[in-house]
Amino acid sequence: MGFAGSESMKITARALLVTLLLAGTSAFVSGCQSDKDIDITKLGVDLDPPEQLYNQGLANIKAGNMGEAGKKFDAITRQEPFSDWGRKALVMSTFVKYRTANYDDAVTTGNTYMKQYPRSDDAAYVQYLIGASYAKQIVSVTQDQRASQQTIEAMQKVVDNYPKSEYVDDAQTKIRFAKDQLAGKEMQIGRYYLERKDYLAAISRFRVVVENYPTTNQIEEALARLVEAYYAMGIVEEAQTAAAVLGHNYPDSQWYADSFKLLKSGGVEPRENGGSWIARAGKKLVLGSS
C-alpha cells in the first residue's frame, strides 16, 4: 500500500499521530502487515529516497512495528537533516521514541526539532511530546521530582506558545499533576522535620506548598501542619492565622476540625492577622491562582 503525494502524506501522518497519541489506541494494525515495505532492509537503507523511507516508516507505525519505523525516520535525518523530509522525519522520530518508552531520546530529538522549527505547524505537537516524555518519568513523591519540574516547564510552553492547539487541555492536566507531585514532596520532607520537632525546617517546607502550590490537593494539610508547628513553637498568632485561612477556604475539612480543636485546647480560636505571610498567601486560594 502506498502514500502518494506529499500533501496527502502530510495529512495521513498527522492524523495518525494525533489518533495514536491522544486517543491512546494501538489501532491501525491492518493489512499493512503484509506490505513488502514493512520488513526493513538494514543494508543500504540510507540509500533509499527520503520519500520512500518516510512512507515505509508510516507503514511500520500502522503495523505496530515502531522500532522498524524509527530506523526509517532516523535514516532520513541522517541523509537530509535540513530538508523538508528531514523536518517531517524529526517529528515522527520523536513520536516513535516516545511510544517505545525511549523518553530521554524523545526529549533530545524533540528539542532538536524545536530549535530548528519553533514556528512550524508541528511545533505544538513536538513540544507536547517533550512534556509527555518528562511526565512519563515522574516517580513517587518519595523520590527525586526533577521530572515533575521538567514536565511543568515543557507543558507550560505548550500552553503559552501554542494556546490554540489541541494539546493545551492535556498539557494543563499534566501541569496540575506535576505540581501536586512537587507539593507532595515538600509535604513529605516537612512531616519528617515536624516529627523530629525541627519546627523551623518543617515550616519552611509547608510554606513552599502554601505559597507556590496553593491549588494542589496538598494545601489543606499544609495549612494544618503550619497550625501545628507554629503552635508548638509558641507562635500562637501565626497558628491562629493559618487556622483562619484554612477554615475560610475549607470549612468542612477534617484538617480544619483538627486545627480548631488544637487551638481550643489552648484557649484560643482561629483569627487572621492581615499582616502575616499566611494571610497574604491565603488570598491566592480565594482567587484560585497558582
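User: In which hand of crossing does H2 pass H4?

Analyst: The model considered here is predicted. Helix H2 covers residues 50-62, and its axis comes within 11 Å of the axis of H4. The crossing in which H2 passes H4 is left-handed.

User: Are H2 and H4 roughly parallel or roughly antiparallel to each other?

Analyst: The axes of H2 and H4 cross at roughly 20°. Angles under 35 degrees count as roughly parallel. H2 and H4 are therefore roughly parallel.

User: Which residues in H4 are met by residues in H2?

Analyst: On the side of H2, the residues involved are Pro50, Glu51, Tyr54, Leu58 and Ile61. Their partners in H4 are Trp85, Lys88, Ala89, Met92, Phe95 and Val96.

User: Are H3 and H4 roughly parallel or roughly antiparallel to each other?

Analyst: Helix H3 is formed by residues 66-79, and its axis lies 8 Å from that of H4. The two helices pack at an angle of about 150°. Angles over 145 degrees count as roughly antiparallel. H3 and H4 are therefore roughly antiparallel.

User: Which residues of H3 make the contact with H4?

Analyst: H3 passes H4 in a left-handed crossing. From H4, the contact includes Trp85, Gly86, Ala89 and Ser93. From H3, the contact is made by Met66, Ala69, Gly70, Phe73, Asp74, Ile76 and Thr77.

User: With the side chain of which residue does the side chain of Ser93 make a polar contact?

Analyst: Ser93 is placed in helix H4. Not counting residues up to four places away in sequence, Ser93 touches Phe73, Asp74 and Thr109. The polar contact of its side chain, at 2.8 Å, is with the side chain of Asp74.

User: Is Ser93 buried or exposed?

Analyst: The relative accessible area of Ser93 is 1%. A residue under 20% counts as buried. Ser93 is therefore buried.

User: How many of the 16 residues of H4 are buried?

Analyst: H4 reaches 23 Å from its first C-alpha to its last, close to the 22 Å expected at 1.5 Å a residue. H4 is largely enclosed by the rest of the structure, because the number of its 16 residues that are buried is 14.

User: Which residue has a side-chain oxygen that reaches the backbone nitrogen of Trp85 at the start of H4?

Analyst: At the other end, H4 is followed by Ala101, whose phi is positive, near 65°. At the start of H4, the backbone nitrogen of Trp85 has a side-chain oxygen within 3.3 Å. That oxygen belongs to Ser83.

User: How far apart are the end C-alpha atoms of H5?

Analyst: Helix H5 comprises residues 103-116, which are 14 residues.

User: Against which helices do the buried residues of H5 pack?

Analyst: The buried residues of H5 are Tyr103, Ala106, Val107, Thr109, Gly110, Tyr113 and Met114. They pack against two helices, spanning 84-99 and 123-135, namely H4 and H6.

User: Is Tyr103 buried or exposed?

Analyst: Tyr103 is placed in helix H5. Beyond its neighbours within four places in sequence, Tyr103 contacts Lys97, Tyr98, Ser133, Lys136 and Gln137. The relative accessibility of Tyr103 is 18%, so this residue counts as buried.

User: Is Asp104 buried or exposed?

Analyst: Asp104 lies in helix H5. In space, Asp104 is 8.1 Å from Tyr134, C-alpha to C-alpha, although the two are 30 residues apart in sequence. With a relative accessible area of 53%, Asp104 is exposed.

User: The backbone oxygen of which residue is reached by the side chain of Ser165?

Analyst: Ser165 is found in the loop between helix H7 (146-161) and helix H8 (168-195). Ser165 is buried, with a relative accessible area of 18%. Leaving aside neighbours within four places in sequence, Ser165 is in contact with Ala124 and Val158. The backbone oxygen that its side chain reaches, at 3.1 Å, is that of Tyr162.

User: How many helices are there in the protein?

Analyst: Of the 290 residues of the protein, 48% count as buried. Residues 24 or more positions apart account for 63% of the contacts with a separation of 6 or more. The protein has zero strands, and its number of helices is 13.

Terms used:
Residues are numbered from 1 along each chain as its sequence is written. This is a predicted model: local features need pLDDT of at least 70, side-chain atom pairs count only at pLDDT 80 or more; totals for chains, interfaces and linings use all residues. Side-chain values use heavy atoms; hydrogens and water are left out. Helices (H or I, at least four residues) and strands (E, at least two) are DSSP runs, numbered from the N terminus. Buried means under 20% relative accessible area, exposed over 50%, partly exposed in between (1.4 Å probe, protein chains only). A polar contact is a pair of N or O atoms within 3.5 Å; within protein, one must be able to donate a hydrogen and the other to accept it, and residues adjacent in sequence count only if both atoms are side-chain atoms. Contact means heavy atoms within 4.5 Å. The expected span of a helix is 1.5 Å times one less than its number of residues. Axes are lines fitted to C-alpha atoms, for helices over the stretch in contact, and angles run from 0 to 180 degrees between N-to-C directions. Angles under 35 degrees count as roughly parallel, over 145 as roughly antiparallel, 65 to 115 as roughly perpendicular and the rest as oblique. A crossing is left-handed if the near helix is turned anticlockwise from the far one by less than a right angle, and right-handed if clockwise.
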